[in-house]
Amino acid sequence: MSANTATTASIRELIRPEVFPSTMCPGCGHGILMGAILRAVDELGWDMRRMLFVSGIGCAGWIPSPHIAADTLHTTHGRPIAFATGAALFNPDLHVVVIGGDGDIAAIGGNHLIHAARRNVHMTVICANNQIYGMTGGQVTPTTDIGTITATTPRGNEEPPFDLCRLVEGAGASFVARWSVYHIRPLIRTLKEAFQHVGFAFVEVLSPCPTQWGRRNQLADPVALLERYKGLCVPKDRAAKMTAEELAGLFGGGWFWSPRLGNWGAARREGRPTSLPPFPTHPHQPKRGEDGR
Amino acid sequence: MPEIVINREWCKGCYICVSVCPRHVLEVDQESFDHGIHPVVAARPDDCTVCRQCELLCPDLAISVLGEGAETPAAEARVEPAPGPAPRPLPAGWTTVASPLPAGRYFLQGDEACAEGAIAAGCNFYAGYPITPASEIMERICARFAELPGKRVFAQMEDEIASIASCIGAAWAGAKAMTATSGPGISLMVENLGYAIITETPLVIVDVQRAGPSTGQATRPGQGDYMQVRWGAHGDYEIIVLSPWSVGEMYTETIRAFNLAERFRVPVVLLTDEGVGHLRENLTIPPDVRIFNRIGPSDREPPFGGRPVPPMPVFGEGHRLLVTGSTHDEWGYRRTSSAKVQAELTARLCTKITDSLDEILASETYLCDDDGLDLLLVSFGFTARSALGAARMAREAGYRVGLFRPRTVWPFPAEALRAVAAKSACVLVAEMNRGQMLREVQRVVPDARGYGKTDGEVIAPGEIWAAAKEWLR
C-alpha cells in the first residue's frame with residue numbers, strides 16, 4: 001500500500017525517546033518535518049553516526065536538538081550555516097544537515113545563506129518556514145505574507161516577503177526545492193534527493209504554527225492551518241501555466257531548477273551529473289601544468 | 001488486521017491524524033481524559049487500509065500503524081549501517097613534534113611568525129575575514145597550508161561572525177582552529193566567543209589591535225581591546241589572554257595559546273597590536289615543538305562535566321553529541337530552567353581556569369633588584385619594549401627602576417606583581433589606552449599611577465621616562 005518503507009516504529013531508533021513528548025506545541029508542523037527528515041534518513045539506510053545536524057535558535061532549532069539521536073550542534077541565532085561550513089569543510093565525510101527557521105535562516109542568517117549557496121558547500125539546508133517568530137512571541141519575519149497580523153504588525157504586515165527559493169537559486173545553489181508539511185510524501189522524497197545531492201541543497205518547508213501564527217490570524221485549529229497550505233501550494237507544472245496575478249500570494253511547490261545545473265529532476269532522470277564539485281577543501285588549485293592544464 | 005499503536009504520553013491532541021484519515025478509523029475519545037487532552041483511539045481498525053497518512057502527519061511521532069505493507073518491508077529494507085569509524089587512539093596530551101618550519105634563523109614579520117607558530121602547534125583549520133593589521137596572518141596561513149602535507153583547510157568567510165562560527169564547527173569536527181582579526185572584527189565575534197566558552201571549544205583568536213573605537217585608525221597601533229577581549233561576551237566566564245611583545249614571542253606564544261586552548265577547552269586570545277604585528281625581527285626556530293593534543297573520552301565519559309576539564313569527543317565518531325550554547329548538563333541536554341545546573345556550569349567554566357593558574361600565568365621582570373626599587377613600571381605588549389627602554393634610561397640617571405611584564409594578561413598575574421611591587425616605592429603603568437590595565441594593577445597596588453596615550457602612535461621610551469620622573473619627584 002505504502003511506497004514508504006520507514007515506519008514510526010523504525011524511525012524511533014533514530015530519536016532520543018527520553019526527551020519525548022517533544023517540546024513543540026500541539027499541531028506544530030515542525031514535528032511533522034522532524035518525522036519526514038527521520039523517515040528520509042531511515043529510507044536511505046544512512047548511518048546516523050556519520051550525520052551532523054546543525055541548528056540555530058528558535059522552534060526549528062529544537063527539531064534536531066535534542067530529539068534526533070545523532071551528533072547535533074545547537075548554535076547561536078542565525079549562524080548555523082556558518083558553523084556547519086567549518087565542520088563540512090574539515091570533515092567532508094560528515095553528512096551535514098542544517099535545520100533552521102525562517103527568522104534564523106532568512107533574517108539574521110541571510111548573509112550566511114547566500115554565501116553558502118554561492119560557494120556550493122556540501123550540505124543540506126532545511127528552512128522550516130512558519131512565517132513567524134514562534135518562540136519569541138509571534139513577531140513578523142522576512143517571509144511573513146503581506147497583511148498577516150503578528151505581534152509587531154498589529155494592522156497587518158506591509159513588507160513584501162522573501163521568496164527564499166528564488167533568493168537561494170539566484171545566489172547559486174545547485175539544488176532548490178519547496179514543499180509544505182501537508183505534502184508529506186513528496187517532501188520525504190525530496191529530502192532524500194537533497195541528502196544525496198553533492199553540493200549545496202536547499203529545501204524550504206512550509207510549516208504551520210497554530211500557536212503564534214494561527215492564533216492571531218483566526219486559524220488556531222491545527223487541521224485548518226494544515227489545509228491552508230494545501231490550498232496555498234501550487235505544483236510547479238501548474239504554476240508554470242499561471243499568470244503573475246493568479247500566483248500572487250501562492251507558493252510554487254515542488255522543485256526548482258538551478259541556473260548552474262538546469263532542472264535537477266530532469267538531470268537525475270537522464271543520468272546527467274547533478275552537481276558541481278563541492279566547495280574545494282583545499283584553497284589552492286594545482287599549479288598550472290601540474291595536472292596537465 | 002492492521003494494528004494502530006497510539007502513544008498517549010507523546011500525543012498532544014492536535015487531532016491532525018483524525019482529520020486526515022480517509023476511512024474515519026481514528027476518533028477522539030470524548031469519554032476519557034489523559035494528561036489534559038482527550039486521547040485518540042482507533043475506533044474502527046478493521047477499516048484501516050494502512051495508508052499511514054495519520055502516522056506521517058503526526059507531529060509528535062505518537063502513532064504507529066503496523067500491518068501488511070508496513071512493518072515487514074521496513075525490517076527487510078533496513079540496511080544495517082556500516083560501523084562508525086574506530087574511536088581515535090587516546091592522545092596522551094603533551095607530545096613533541098618536529099617543527100614544520102626547518103630549524104634556523106628567519107627574518108619575519110610578527111604576523112607571519114604568528115602564522116608559523118599556529119602551524120607548528122598543529123593548526124589545521126583557519127577561517128578569517130580580511131582586516132588591517134591582521135590580514136598578513138591569513139595570507140601566510142593560506143600560502144603555507146598549500147605547501148604543507150596533511151589535511152589543512154583554509155576558508156575566507158563572508159564576515160568575522162562566520163569566521164569564528166566555522167572555526168567552532170571545525171573544532172568539533174576534530175580540527176585545531178584559529179582565526180585572526182582586529183578590534184572591529186573582535187566586536188563582531190564576541191557573540192560566538194561566548195558560545196565557544198559555554199560549549200568549551202578549544203580555539204585561538206588573534207587580535208592585532210589598532211586604535212579605536214570603531215573603525216578608528218586601521219594602520220595605527222592601540223591597546224584599547226584589553227578589557228574587551230576579557231569581558232566582551234556576556235555572562236560569567238573566565239578566558240585566557242596572552243600578550244607577546246616580539247616577533248619571537250608571536251611564534252612561541254601562539255604555540256602556547258593553542259596548547260592552553262586544548263588543555264583547558266577554552267578559547268584563547270592572542271592579544272597583540274599593530275606594532276608587534278608589523279614588526280620585523282630575527283626569529284630562531286628550534287627543531288622541536290612541544291604541543292598538547294586534546295584528550296578524547298575513554299569510554300562513556302560525559303563531554304561537559306565529570307571533571308574540571310572534561311574530555312572532548314569529535315563529530316562523526318558515533319558519540320551522538322549534543323552541543324548547545326544553552327545551559328546544559330554533563331551530557332549536553334538543555335537544562336535551562338535548572339538553577340543547580342546553571343550554577344555548576346558557570347562555576348566550572350571559571351574554576352577550571354582559576355584552579356590552574358600555575359599552568360596558565362606567565363610574567364617576566366626586568367632590572368628588578370632584590371633589595372628594592374624606586375619605581376616599578378608595568379606594561380604589556382609593544383609598550384613593554386618602550387618601558388624597558390625607559391627603565392634603562394632611569395638606571396643611567398641613577399634611579400633604581402624595573403619592569404614587570406605580564407605575558408598572560410588574563411587571568412591577571414596579581415600574585416607575581418604583588419611580590420615585585422612590595423619591594424618598590426611606587427608603580428607606574430604604561431599602556432596605549434586610557435588606563436585599562438591600570439585598574440587591574442590598582443587592585444594589587446591601590447596607589448599605582450598610569451601613563452596612557454591614545455594618539456595612534458607607539459609610546460617612546462623617553463615619554464615613559466618623563467612620566468616616571470614626575471612620579472619619582
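Against which strands and helix of chain B do the buried residues of H16(B) pack? I found strand S17 (375-378), helix H13 (382-396), strand S20 (427-431) and strand S21 (449-452). Contact here means heavy atoms within 4.5 Å. Helices (H or I, at least four residues) and strands (E, at least two) are DSSP runs, numbered from the N terminus.

Ground rules next. This is a predicted model, where local features need pLDDT of at least 70, side-chain atom pairs count only at pLDDT 80 or more, and totals for chains, interfaces and linings use all residues. Residues are numbered from 1 along each chain as its sequence is written, chains are lettered from A and ligands numbered from 1 in the order in which they are written, and side-chain values use heavy atoms, without hydrogens and water.

**Helix H16(B)**

I checked the length of H16(B), residues 461-472. Its twelve residues reach 16 Å from the first C-alpha to the last, close to the expected 16 Å (1.5 Å times one less than the number of residues). I then listed its buried residues: Ile464(B), Trp465(B), Ala467(B), Ala468(B) and Trp471(B). Buried means under 20% relative accessible area, exposed over 50%, partly exposed in between (1.4 Å probe, protein chains only). They lie on the same side of H16(B), because they cover an arc of only 165 degrees around the axis. That arc is taken from the directions from the helix axis to the C-beta atoms.

**H13(B) against H16(B)**

I looked at the axes of H13(B) and H16(B), which come within 7 Å and cross at roughly 60 degrees. So H13(B) is oblique to H16(B) (under 35 degrees is roughly parallel, over 145 roughly antiparallel, 65 to 115 roughly perpendicular, the rest oblique). On the H13(B) side, the residues involved include Thr383(B), Ser386(B), Ala390(B) and Met393(B). They meet Pro461(B), Gly462(B), Ile464(B) and Trp465(B) in H16(B).

**Two loop residues**

I found Asp34(B) in the loop between strands S2 (26-28) and S3 (40-42) of chain B. Asp34(B) counts as partly exposed, at 23% relative accessibility. Leaving out residues up to four places away in sequence, Asp34(B) touches Arg8(B) and Pro39(B).

Thr153(A) sits in the loop between strand S4 (123-129) and helix H6 (164-171) of chain A. Thr153(A) counts as buried, at 11% relative accessibility.

**Chain A**

I noted twelve helices and nine strands in chain A. Of its 293 residues, 62% are buried.

Note on methods:
Axes fitted to C-alpha atoms, helices over the stretch in contact; angles between N-to-C directions.
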